[in-house]
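Biologist: Could you walk me through how the parts of this protein meet? I am new to it, so please take it slowly.

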Amino acid sequence: MRNHKVRLLSIVLASVLLLAACGGGGKNATANNTGNTKTTEGASSAGGEKILRTNNKSEPGSLDPAIAKGTHESFVLQHAFSGLMRYNEKDELVPAQAESYDISEDGKTITFTLKDGLKWSNGDPLTAKDFEFAWKRVIDPELASDYSFQITTYVKGAEEYFNGEGSIDDVGIKALDDKTLQVELKSPTPYFLDITAFYTLYPVNEKVVSENPDWAKNPQGTEFVSNGAFKITEWNHNENIQLVKNENFFDADNVKLDGIYFDILEDDNTAYSKYEGGEYDVLIKPAPAVTAKAVQGKDPELQLAKEIGLYYYEFNTTKKPFNNPNVRKALSLALDRKTLVENITQGGEIPAEGIVPFGLDDDAGKDFREANGNLITEDVAKAKELLEKGLKEENMTVEDLKNVTLSYNTDEGHKKIAQAVQAMWKKNLGVEINVENMEFQVLLDNRSSGNFEIARAGWSGDYKDPNTMLDTFVSDNPQNDSKYANTEFDENLKKAAETGDQKVRMDSMKAAEKIMVEDMPIIPIYFYTQPRLQKANVTGVYKPILFYPIFTYADIEAK
């Protein structure tokens with residue numbers, strides 16, 4: 001563990017040096033690379049419009065904040081909407097739609113006061129009632145939001161209503177007047193303010209949503225009503241999503257871009273070619289080989305950002321033999337994660353040491369990951385022993401695994417990792433499996449419906465607390481695609497949620513993580529970093545540790 005920590009420090013220092021070479025603060029100051037010649041839709045188009053162009057790696061399933069469930073959706077939503085709170089360029093949580101907030105002495109009631117004069121992109125007044133409507137909509141059982149737990153877990157009366165055992169009027173979300181929203185929590189929740197910056201808790205316009213249930217599916221022909229720095233004007237499915245500046249945004253005077261175009265493109269090689277050819281101003285998550293070359297060449301356009309996230313494979317624990325923890329642990333023990341990150345991903349990723357990544361503190365101010373130790377090991381001899389034992393318990397043999405498929409979403413990096421894992425299992429255990437790629441949304445749907453055996457997955461934190469990486473796997477969480485269920489694990493997280501004692505909270509989460517790793521319903525592979533390439537004349541982009549890069553205050557300077 002200590003070596004990985006030193007490596008993380010080296011990566012961070014390298015990133016700082018790169019940023020310093022680029023002018024610091026996520027701004028490139030050099031201009032010695034390939035040009036940024038725009039198409040007729042770009043920054044130098046007629047009229048001098050500043051349109052920032054970038055890639056979004058997958059087609060969104062929905063651009064409704066209550067229904068969205070992945071970064072391929074949140075990347076767009078974080079520019080089209082604005083929550084009560086936001087993260088600034090220093091990664092500090094600050095008010096956004098809220099002007100201020102007050103927390104009661106017992107920590108159970110938060111009262112938000114909204115800014116004056118807030119408006120929707122269509123000019124309608126935005127009030128506290130819009131937040132009340134939006135949040136209560138998230139917990140409507142008929143909507144079946146995968147992120148309903150972000151409210152039902154914490155807000156008084158929300159779980160009862162969601163389960164059909166209580167009234168919507170008893171849910172602790174109430175607009176006291178047009179500018180005041182009051183939230184009553186079950187227990188003191190120090191990170192609830194962080195959750196209000198998460199996209200599930202963005203407001204939606206009640207009139208628009210009520211009149212048109214498909215308001216978020218096809219913006220063409222009708223305005224997509226939102227409250228962020230930009231508004232969506234076109235969604236050409238599987239091609240691009242176009243946003244223009246929202247003049248009704250509360251901080252519109254400080255927004256310099258006229259728009260953002262997200263190109264929906266899964267192929268990394270084509271995306272890089274577009275960046276090199278000047279069609280993109282920013283390239284998110286380049287192919288591993290491109291990132292490795294940029295690191296080695298000290299490319300000033302490379303930005304290596306930190307991220308709270310875990311790349312993993314999840315088992316469908318309802319299907320044999322993956323219902324057996326010995327089989328699951330065997331497959332984990334047989335992987336060489338150091339080789340995977342150094343030879344395959346090559347973007348500064350850290351071999352996973354547990355479920356919770358580095359970067360989140362415990363009650364003593366120590367890094368949670370370091371405090372709970374390295375829980376992930378490689379031991380081929382032990383893996384063989386556990387595999388034999390597990391398969392025998394299920395009356396199966398290694399030959400039975402030939403029909404097993406590892407599914408991943410179409411991406412050159414995911415493909416290389418899947419093939420490397422496939423090779424390691426064959427070499428170390430004699431296990432031969434199939435690998436299969438598919439569109440990201442198809443993979444998400446298959447995982448949600450249980451239509452998989454082993455699937456590629458990733459989780460980026462929603463708020464700055466270790467619980468953000470653990471509560472996904474509570475037995476009744478809609479996001480728990482592996483269908484993992486352990487009463488002791490659930491009880492530890494429930495204990496953490498119900499106490500205001502930070503030591504008790506952290507100790508309970510540390511115990512829960514150890515229980516989960518012992519059961520191994522998922523195979524942690526590595527902790528994320530997020531590389532991006534950014535043209536020298538693009539300034540003002542910043543990336544909070546929990547979010548994709550934010551373009552709200554970006555600018556494209558004349559060359």
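Modeller: Across the interface of domain 1 and domain 2, the rule finds 11 residue pairs in polar contact, both residues at pLDDT 80 or more, where a polar contact is a pair of N or O atoms within 3.5 Å, one able to donate a hydrogen and the other to accept it, and residues adjacent in sequence count only if both atoms are side-chain atoms. This is a predicted model, in which local features need pLDDT of at least 70, side-chain atom pairs count only at pLDDT 80 or more, and totals for chains, interfaces and linings use all residues. Residues are numbered from 1 along each chain as its sequence is written, and side-chain values use heavy atoms, with hydrogens and water left out.

Biologist: Which residues make up domain 1 and domain 2?

Modeller: Domain 1 covers 51-275 + 535-556 and domain 2 covers 306-530, with bounds that come from an automatic or database domain assignment.

Biologist: And how many salt bridges are there between domain 1 and domain 2?

Modeller: The count is 2, a salt bridge being a side-chain nitrogen of Lys or Arg within 4 Å of a carboxyl oxygen of Asp or Glu. Elsewhere in the list of pairs, Lys464 forms a salt bridge with Asp91, their closest N and O atoms lying 3.3 Å apart.

Biologist: How much area do domain 1 and domain 2 bury between them?

Modeller: They bury about 2,700 Å², 52% of it on carbon and sulfur atoms; buried area is the accessible area (1.4 Å probe) that two parts lose on being put together, summed over both. Tyr191, Ile545 and Leu546 supply 23% of the area that domain 1 buries against domain 2, more than any other three residues.
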